[in-house]
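Please look through the sequence and the model shown here before reading on. The paragraphs that follow take one part of the fold at a time.

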Amino acid sequence: MIDANALRAVCLDFNGAVEEFPFPRHPDVSTFKVGGKIFALTTLTDAPLTVSLKCDPELAERLRATHPEVVPGYHLNKRHWNTVTLTGALPDQLILDMIEDSYDLVVASLPRAQRLLLDWPGEQRP
């Protein structure tokens, strides 16, 4: 089961990923960003632990229909974000894949120069 420490470690393991606490009125809310854009949002002290992740809209719908632990993003664009409850009901690999997909979606939206600096596998050098 992915706990708060594992979630933080996984998110920070991506190239260029940083953790920030940008909401003064909610100092526990942790965001994981790449290129200044959020790819994961969580409150690591919450029980149960949840994480909001960017997702392709069609995949987001399928995940929500298949897994009760996956719901539309809380306080986010519900078309592009899912909130996932980490209670151990979902396979760890599925959660890791969702985190990686979220990171990849954000990196893909960055300018090419930034993608190259991140040495992102989705970007081919000429």
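Leucine 53 stands opposite asparagine 82 in S6, and this is one place in the antiparallel pairing of S4 with strand S6 (residues 81-85), which runs over five bridges. Strands here are DSSP runs (E) of at least two residues and helices are DSSP runs (H or I) of at least four residues, both numbered from the N terminus, and two strands count as paired if DSSP finds at least two bridges between them. The model is a predicted one, in which local features need pLDDT of at least 70 and side-chain atom pairs count only at pLDDT 80 or more, while totals for chains, interfaces and linings use all residues. Residues are numbered from 1 along each chain as its sequence is written, and side-chain values use heavy atoms, with hydrogens and water left out.

Strand S4 (residues 50-54) also pairs with strand S3 (residues 37-43), in the antiparallel sense and over three bridges. Within this pairing threonine 42 has valine 51 of S4 as its bridge partner, and leucine 41 has serine 52 of S4.

Taken as a whole, the open sheet holds six strands in the order S1-S2-S3-S4-S6-S5, with antiparallel pairing. Strand S1 (18-20) and strand S5 (70-72) stand at the edges with a single partner strand each, so one side of each is left without a neighbour in the sheet. From one strand to the next the twist averages 25 degrees, where axes are lines fitted to C-alpha atoms, for helices over the stretch in contact, and angles run from 0 to 180 degrees between N-to-C directions.

Serine 30 lies in strand S2 (residues 29-34). Is serine 30 buried or exposed? Serine 30 is buried, with a relative accessible area of 0%, buried meaning under 20% relative accessible area, exposed over 50% and partly exposed in between (1.4 Å probe, protein chains only). Leaving aside neighbours within four places in sequence, serine 30 is in contact (heavy atoms within 4.5 Å) with residues including Glu19, Phe21, Leu41 and Thr42.

Finally, helix H3 (residues 92-108) has 17 residues, which at 1.5 Å a residue should span 24 Å, and its end C-alpha atoms are 24 Å apart, which agrees; the expected span is 1.5 Å times one less than the number of residues. Among the buried residues of H3 are Ile95, Met98, Tyr103 and Val107.
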